Amino acid sequence: MKAFTILAAALTLTHAAFAAGTVVKASIEGMHCDSCVHSIEAKLKKVPNVVGVSVKITDAEHENGEAVVTMKDGAKVDAEAIKAAVADAGYEVKKLQ
Ligand SMILES: [Cu+2]
């Protein structure tokens with residue numbers, strides 16, 4: 001399971017791409033229905049220090065969606081862990097901010 005390997009590697013990194021308490025927005029490609037939304041939400045909720053996840057389809061015609069991930073206050077965030085969780089659900093993060 002490649003995604004799990006990536007996630008494990010990401011968790012060992014001390015570098016944090018985002019400051020504590022950050023709300024991270026991820027643009028996701030390939031989403032087309034509620035099932036996509038739920039599977040991505042389920043994976044992101046399992047990322048350490050994630051306290052809130054909101055996934056929605058932003059452009060149904062082009063199958064684009066967005067995940068808004070809220071991190072625990074004071075927690076370090078690794079962008080790779082979020083990307084890996086989305087990849088584990090079967091989708092790709094096109095942009096993370
Ligand atoms: Cu779907």
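**Close-up views of a predicted model**

**View 1. Helix α3 and its buried residues.** In α3, the buried residues are Ala81, Ile82, Ala84, Ala85, Val86, Asp88 and Ala89. Helix α3 lies across β1, β3 and β4, and its direction runs at about 150 degrees to β4. Just after the helix comes glycine 90, which takes a positive phi of about 105 degrees.

**View 2. The whole protein, for orientation.** Let us step back for a moment: the protein has three helices and four strands. Starting at the N terminus, the order of elements is α-β-α-β-β-α-β. Among the 97 residues of the protein, 24% count as buried. Of the contacts with a separation of 6 or more, 70% are between residues 24 or more positions apart.

**View 3. The open sheet.** Here the four strands form an open sheet, in the order β2-β3-β1-β4, with antiparallel pairing. Strands β2 and β4 (92-96) stand at the edges with a single partner strand each, so one side of each has no neighbour in the sheet. From one strand to the next, the twist averages 30 degrees. Helix α2 packs on this sheet and touches β1, β2 and β3, while its direction makes about 155 degrees with that of β2.

**View 4. The hairpin of β2 and β3.** Follow the chain along β2 (residues 50-59) and then back along β3 (residues 64-71). The two strands form a hairpin, with four residues between them. Eight bridges link β2 and β3 in the antiparallel sense. To find your way along the pair, look for valine 50, whose bridge partner in β3 is methionine 71. Another pair to look for is serine 54 with its bridge partner in β3, valine 68. Strand β2 is hardly covered: one of its 10 residues is buried.

**View 5. Two faces of β3.** Which residues of β3 make up its covered face, and which its uncovered one? Gly65, Ala67, Val69 and Met71 form the covered face, whereas Asn64, Glu66, Val68 and Thr70 form the uncovered one. One example is valine 24, which has valine 69 of β3 as its bridge partner.

**View 6. Strands β1 and β4.** On to another pair in the sheet: β1 and β4 run antiparallel and are joined by four bridges. A handy landmark is glutamate 29, whose bridge partner in β4 is glutamate 92.

**View 7. The largest nonpolar core.** This view gathers the 18 residues of the largest nonpolar core, in which Ile28, Ile40, Leu44, Ala67, Ile82, Ala85 and Val86 touch the most other members. Helix α3 gives the most, with six residues.

**View 8. Isoleucine 82 and its contacts.** Which residues does isoleucine 82 touch, leaving out those up to four places away in sequence? The list is Val24, Ala26, Leu44, Val47, Val69, Val93 and Leu96. Isoleucine 82 is also one of the buried residues of α3, and Leu44 joins it among the core residues that touch the most other members.

**View 9. Two loop residues with positive phi.** Asparagine 49 is found in the loop between α2 and β2. Its phi is near 75 degrees, a positive value in a residue other than glycine. Is asparagine 49 buried, exposed or partly exposed? It is partly exposed, because 16 other C-beta atoms lie within 10 Å, and a buried residue would need 20 or more. Glutamate 63 sits in the loop between β2 and β3, and its phi is near 55 degrees, again a positive value in a residue other than glycine. Glutamate 63, too, is partly exposed, with 16 other C-beta atoms within 10 Å.

Note on methods:
Residues numbered from 1 in each chain as written. Predicted model: local features only at pLDDT ≥ 70, side-chain atom pairs only at ≥ 80, totals over all residues. Buried ≥ 20, exposed ≤ 12 C-beta atoms within 10 Å, placed from the backbone. Pairing = 2+ DSSP bridges. Core = buried A, V, L, I, M, F, W, Y, C linked by C-beta atoms within 7 Å. Contact = placed C-beta atoms within 7 Å. Axes fitted to C-alpha atoms, helices over the stretch in contact; angles between N-to-C directions.
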